[in-house]
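Please look over the sequence and structure below before reading on.

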There are 2 protein chains.
Amino acid sequence: MTNASNTPTEQISVWLSKFGAALERGNLASAVEMFAEESYWRDLVSFTWNIKTLEGQESIQAMLHTTLPEIKPHSWRIKGQATSENGVTAGWFTFETATSKGQGHIRLRAGKCWTLLTTMTELKGFEEKKGATRILGTQHGVFRDRQSWLERKTREEAELGYKTQPYCVIIGGGQGGIGLAARLKRLEVPTLIIERNNRPGDSWRKRYKSLCLHDPVWYDHLPYLPFPDHWPVFSPKDKIGDWLEMYVKVMELNYWHSTECQDAQYDEMAQEWMVTVGRAGQTIVLRPKHLVLATGMSGMPNVPEIPGADSFKGVQHHSSQHAGPDDYAGKKCVVLGANNSAHDICAALWEHGADVTMIQRSSTHVVKSDSLMELALGPLYSESAVQAGITTEIADLLFASLPYKIMHAFHIPIYRQIASRDADFYERLQKAGFLLDFGDDGSGLFMKYLRRGSGYYIDVGASELIADGRIKLHSGVTINQIRENAVVLTDGTVLPADLIVYATGYGSMNGWAARLISQEVADKVGKCWGLGSGTTKDPGPWEGELRNMWKPTRQPALWFHGGNLHQSRHYSQFLSLQIKARMEELSTPVYGLGEVHHLS
Amino acid sequence: MTNASNTPTEQISVWLSKFGAALERGNLASAVEMFAEESYWRDLVSFTWNIKTLEGQESIQAMLHTTLPEIKPHSWRIKGQATSENGVTAGWFTFETATSKGQGHIRLRAGKCWTLLTTMTELKGFEEKKGATRILGTQHGVFRDRQSWLERKTREEAELGYKTQPYCVIIGGGQGGIGLAARLKRLEVPTLIIERNNRPGDSWRKRYKSLCLHDPVWYDHLPYLPFPDHWPVFSPKDKIGDWLEMYVKVMELNYWHSTECQDAQYDEMAQEWMVTVGRAGQTIVLRPKHLVLATGMSGMPNVPEIPGADSFKGVQHHSSQHAGPDDYAGKKCVVLGANNSAHDICAALWEHGADVTMIQRSSTHVVKSDSLMELALGPLYSESAVQAGITTEIADLLFASLPYKIMHAFHIPIYRQIASRDADFYERLQKAGFLLDFGDDGSGLFMKYLRRGSGYYIDVGASELIADGRIKLHSGVTINQIRENAVVLTDGTVLPADLIVYATGYGSMNGWAARLISQEVADKVGKCWGLGSGTTKDPGPWEGELRNMWKPTRQPALWFHGGNLHQSRHYSQFLSLQIKARMEELSTPVYGLGEVHHLS
């Protein structure tokens, strides 16, 4: 199909121009023929007004058949130089649809498309005001009764939620809600964040005191305002808290702190939400057109019900309530769980002189932070990536360009390399009785995160404490019963305890819909997160994308936003564009709205 | 000397390598011969441990003769591609000295150096930790009694000034002190800012409410953390206040707000300052090695003494105390002065329904904001400059590369163009009696700013109000006497008045030395700012650089920092390196310490 002597750039250019022409002619057969038999088209909003991966020619054809008449794509143009490696020719491009501009990435094998990514970057006529189009800030000339920026801002803040209604309400003012609100602000969508804590950043500040981000700084930038270049690789929790608080201020986000959402009901007639919140002793009903739950993957604690828990004389709390080790020097501490928080909490308790026991119920994936940074994240998110010209935007798009269906195949060799490089480490850990895994298929940490949002520890020190017995370990068991001053394990072991920490994770985000809206809506929407991979805690059928995240759900005008800082940053772009399009009453026909296969 | 067929890059490369070789051989005659008869070498700290322009071969030779043995420059290397235009070949380069790394800019004419800029970028062995060398943020491993970031920070803040002493104290926590403190923080110089206001940014917030920056956003970035790309062209004062407050927080600066410096004395024996401050009802004596006055060009109000002022029944205050127009609708307001603040205050009063009269004592330079942005600042600080690859750093260095001695010659044609483009505007203004000038030599706004720090208005609307008489104007007069309800002008005119605003400018920064230290030290140091140009309010002799700014003064360990946001950003780099070098006890022989010709 293409001349083998063509440069990679020519190959991509030719492919794009033929593909664009076929689409403009409405010749689906020709267009679809340009894809390989194994092929993936991942679309972030541009074609589907959804977040959707089409897998194989047939599903690509079906999507095009439905969307093409309205989407009217055109102007496919290569951007920069394409590259060729191991038989894969890859390149960047831009394109337009009837209502939007976009950019994308393509990989060809033997002249045919293997992976295609299309992403919406802006809505025509509703572009963000930045660079040359930024606002002036002052109004030159003279105007009777001119109001200052502060006066306008103060009035708008006082009126929002009372005299005027936000178009969008975001429940949850953590990193997710904040980044999304910043994007909506730039798109001029009136938005209000509701947060129960006193200050932006408190959702970080209130965690156990030794917490530092487990992801490195290059992965963690918020939209628009990157961290300065001295920012630590792993942000301490209070420092990231301060950054978020600052961000809310300088991005001029409307943020109601100390405000609790009590109830949210969708008014079908008015096509708007009634969101009841408690603020400063007052009950206020907000009437936004859209409601975003940005309550966090780690927002809804799982606390197991264990017989006898009521009789416990010591302190017991979920890991999200655990402030740190300071009160427990010399005390007997039992931590139930063996994921990130459990390890961090155990290590901090040990560092402060507690007697610590970890109860590992099932196997955990452990990877040393250094190895993870170097081998898994380094190529896209690291100082050397920055030096190689891989900006945050490029890294995010490259990451997004890999379809979930085949992502594990790229990860398995990386984790094999890690297993070999750190073989001694893993051996020591297993000798201590630690139940280790690398995921059902050996694909490691990030796939576990996508599939189930749990099941791993990024080792920053605790594993050595476990390996040499300074943190005591009981594995393959759980707590069967709690007594006044002890826990009893399923194997009959009795462990005296002054403190029990339930590092037992969090429930699905649609639990928040159940709590704030209704069980009916939670069930209508179904489980959030997970790919339907058929691996542990991620039952099939295959979904191809994370369930319900950043895209339309079965409940009109209800959206779920969350994930780590990378995901919040990147996907907030697409969620904000979807909401802006609706505010401007653009046509937004959703292709392939997800089926509900699981309730939670 | 050079082959005319050489490319610009080759010409610069050859010049640099010959020059470097001559310096390494200590052959001053050969080195100096490479400069044109009219030539300038501007050195920012690298050679002179001073901010110094050497003018002509003789003074270049004298400087090299003194500095070369210790400075030991080497490794002169071109950076990027040189350019050639109108007979001037220009390029960038890097170089090293015994203790530092630097970068510079050079212009050749007919193969000889016309202008040379050398700037220090870092001290070897004391580089800022950034990018690949940034801190980890957490400590991997396990450590008994580990302290969290917050605990360490809280303890350090509690101890600084009490149990531990800052190496440097900065009086004044406005944009200047803040930017400098950020640089010192990155250089790990323990620094404490003393600020009398309650919050960082209050020095902006407390100004008249209509105030927006007169300089555009591209000119105003602080070090390390640029404004995001939607930031308004002209920041409203409260918005810049919020940014500064955020900056202090996220850059982790030690900032004592609500603290007044009462006295500062240099202890010659101990070679340190005793700085007495009042904080939270306590008197505290700090003992820093260095003291920086960052009290602002606009920190020390000039209030004229006018007979009868005591008897005035209305409100009278200096422009720095004027909050805004809200209380003066329908009132008779007299504003003495005709510079930026006077115009802004008059316009806001008129906009809010006051009866406004401006008293213009002497001629003022006026330039429309649009024209100034487009013709004067645009080439270096604008969106199109950004698009052309002129980063803030490049713009700052290019700006710095032009010696003050010849700068006016570059500005005169720009202002001639402005005068012609806005001829109608200027004619209308003069018809209304406004006394207009373009500086003694027609070199316009920025030269006035450098020479005297005053004498201009960047028109954002008020001039039209003056031109059409909505703001009444009395020019060429001043207030001779004040009565209970009126002012009497020198021409006998009596103006009824409810409000008098003294928009009469600010005194020299060494007035702060007089107030905080002693008149003796203020006189020892002499006048700050100004070039000695022999123009109005800038008496000679010629200094070649701004007096006393960002460089050693005649008072050991006393420094002056200030200027607009551009200058504060750029020169804080050189002041911070000078202080860091002293902290590390590097040899810092100062070449050409300024003579004192004027006391204020």
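## Basis

This is a predicted model, in which local features need pLDDT of at least 70, side-chain atom pairs count only at pLDDT 80 or more, and totals for chains, interfaces and linings use all residues. Residues are numbered from 1 along each chain as its sequence is written, chains are lettered from A in the order in which they are written, and side-chain values use heavy atoms, without hydrogens and water.

## Extent of the interface

Chain A brings 58 residues to the contact and chain B brings 58 residues, where contact means heavy atoms within 4.5 Å. About 5,300 Å² is buried between the two chains, with 58% of it from carbon and sulfur atoms; buried area is the accessible area (1.4 Å probe) that two parts lose on being put together, summed over both. In chain A, the residues losing the most area to chain B are A:Arg134, A:Val142 and A:Glu351, together 13% of what that side buries.

## Salt bridges

Chain A and chain B share 12 salt bridges, each a side-chain nitrogen of Lys or Arg within 4 Å of a carboxyl oxygen of Asp or Glu. One of them joins A:Asp242 to B:Lys249, with the closest N and O atoms 4.0 Å apart.

## Symmetry

A rotation of 180° with 0.0 Å of shift along its axis places chain A on chain B with an RMSD of 0.0 Å, by least squares on the C-alpha atoms of residues with pLDDT of at least 70 in both. This is the relation of a two-fold axis. The residue of chain A that comes closest to the rotation axis is A:Met246, at 2.7 Å (C-alpha).
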